[in-house]
Amino acid sequence: MPNISSSLYVTTAIPFVNAHPHLGFALELCQADALARHARARGRAVHFVTGSDDHSLKNVLAAERAGVRTERFVAEHAARFRQLNVELHTSIDDFVQTSTHPRHRDAVYALWRACAARGDLYRKTYAGLYCVGCERFADPGETQCGEHATPLETVSENNWFFGLSRYGDRLRERIEAQTLRIVPEAAREETLAWLRQPLPDLCVSRSATRARGWGLQVPDDPEQVIWVWFDALVYYLTALGFGSSEPQRYQQHWEGPGRRIHVLGKGITRFHALIWPAILASAGLSWPSDLLVHGYLTQDGAKISKSGSALDPFPLLQTYGVDPVRYFLLRHIRTTRDGDFSAERLEQAYNAELANGLGNLVDRTLGLLQRAQHSSVPGFHQATGPGAELLGAARALPARIDQAFERFALDDALHAVFELVDRCNRTLDQCAPWARIKRGELEPANTLLSAVITSLRVVGQELAPFLPGTARRLGEGLQAGAPLPAALRLFPRLEPQ
């Protein structure tokens with residue numbers, strides 16, 4: 001039965017749907033999915049959500065360029081993001097499309113009114129430079145956005161503002177005490193550096209005219225729509241039923257004793273580490289417990305994005321398969337650092353580690369069991385010498401995985417799994433059970449092979465957060481007492497084209 005007291009709520013950020021998804025967002029989905037799957041495997045109650053950020057001026061402008069209505073444009077692109085979850089085999093519990101989800105408007109309005117009741121919302125005229133790519137006003141002295149190459153626009157409007165300046169001390173205290181935990185340390189230090197300067201109040205609406213009428217109207221103010229980030233960030237509460245007549249999931253996963261982990265890219269750290277907690281504080285709500293900030297995925301050193309240097313995940317998944325793509329993203333891209341992608345690197349990892357490493361280990365072990373006259377998969381047997389050492393490494397693996405997940409070092413966790421795979425292969429090479437089988441010494445050969453099979457069952461269990469399809473095939477094919485398969489052929493080698 002799931003452990004409610006240690007529940008986990010895990011989310012991705014939700015992307016603007018001004019274009020199709022790119023491989024960088026697939027990375028974020030895989031990271032969040034690994035967190036959710038690992039927690040479920042450890043008996044925790046998990047709720048995992050993602051979605052699409054529809055109410056962006058970027059989406060409106062992209063629809064105008066495409067010559068289609070915004071609603072149609074957004075729906076078509078959001079469907080592509082939804083399909084990416086299907087293709088990646090993510091275990092999401094909900095997909096929140098902010099323009100159509102039945103609870104989202106109510107959640108946004110409930111949070112807006114809570115902040116207004118605290119006295120943190122007011123109107124004033126403001127003029128400044130605006131980055132449409134980030135959907136934010138530029139900082140004082142900022143002449144160009146560090147994230148986007150497009151020019152900043154001059155905007156002058158009478159808008160609603162949020163009293164962000166009131167919350168700097170509280171933010172700093174919580175971040176320094178790590179009750180709001182930001183990983184990696186570089187992201188935490190960057191956030192604290194922002195807090196060494198006074199926080200300005202935040203513009204949280206824009207004119208309905210500039211928004212082309214697209215967005216959620218400010219309550220009781222039809223001339224204004226709510227700023228897209230105030231809208232989008234509330235999705236974390238929408239998915240749990242905040243502001244609805246059925247708040248049970250919200251009480252369990254947001255106000256309960258478990259953890260609330262947001263997985264996000266480093267370009268939007270400020271929104272999640274400063275703006276979102278301050279809004280929650282104003283409304284008197286709990287904060288996220290952890291922010292896992294991943295790096296950028298690059299291709300030939302350039303950031304992958306939906307425009308410019310883009311990489312479509314769908315052809316990659318079709319060419320290489322789901323688990324190989326997930327494997328590369330989760331092991332060969334360090335969880336909290338930038339990492340470069342190329343098809344050549346993926347193919348090298350596939351052949352060396354998946355085909356020659358895990359796939360070959362499984363098939364050579366099954367072949368040796370057949371030569372040792374086994375008709376069924378052996379169960380656990382006590383062993384001595386190298387077999388006992390191998391079983392000890394297998395028993396120690398789950399704790400190593402747990403420690404890596406606690407550090408948000410998903411790449412280290414997957415590395416630990418493949419250390420056991422490599423150890424199994426080395427043990428077979430060193431002990432040469434095929435020679436014993438040839439001499440008729442079946443008992444010592446079978447004892448060693450049963451240790452390898454037992455270790456592979458642990459490998460399958462611990463691979464489940466990362467490579468769910470492979471883990472399932474290992475679990476089914478290596479079940480103790482099941483008929484011995486001739487081979488599993490997990491990862492046929494990729495041959496040069």
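Close-up 1. W254 has a relative accessible area of 0%, so W254 counts as buried (buried is under 20% relative accessible area, exposed over 50%, partly exposed in between, with a 1.4 Å probe and protein chains only). This is a predicted model, where local features need pLDDT of at least 70, side-chain atom pairs count only at pLDDT 80 or more, and totals for chains, interfaces and linings use all residues. Residues are numbered from 1 along each chain as its sequence is written, and side-chain values use heavy atoms, with hydrogens and water left out. The structure holds 18 aromatic pairs (rings of Phe, Tyr and Trp, the last by its six-membered ring, with centres within 6.5 Å; planes under 30 degrees apart are stacked, over 60 edge-to-face, the rest tilted). Y9 and W254 make an edge-to-face pair, 6.1 Å centre to centre with 80° between the planes. The two sit 245 residues apart, with Y9 in strand 1 (residues 3-12) and W254 in the loop between helix 9 (248-253) and strand 12 (259-265) (helices, H or I of at least four residues, and strands, E of at least two, are DSSP runs numbered from the N terminus). Y9 is buried too, because its relative accessibility is 1%.

**Close-up 2. The tyrosine neighbours Y235 and Y236.** Here the pair is tilted: 4.7 Å between centres, 45° between planes. Both Y235 and Y236 are buried. Zoom out a bit and Y9, Y235, Y236, W254 and W276 form one aromatic cluster.

**Close-up 3. Charges over rings.** R80 lies over the face of F314, 3.8 Å from the ring centre, and K124 does likewise over F161, at 4.7 Å. To count, NZ of Lys or CZ of Arg must be within 6 Å of the ring centre and within 35 degrees of the ring normal.

Close-up 4. Strand 14 (residues 297-299) runs antiparallel to strand 15, joined by two bridges. Across from K303 in strand 15 stands T298.

**Close-up 5. Who lines the second largest pocket.** The lining takes in 23 residues, with F137, D139, P200, D201 and R270 nearest the centre. Helix 10 gives the largest share, four residues. Strand 4 (121-131), strand 5 (136-137), strand 8 (202-203) and helix 10 (269-283) each supply at least two. A pocket is an open set of points on a 1 Å grid over the protein atoms alone, where a 1.4 Å probe fits, with protein on both sides within 12 Å along at least five of seven lines; lining residues have an atom within 4 Å of a point.

Terms used: Two strands pair if DSSP finds at least two bridges between them.
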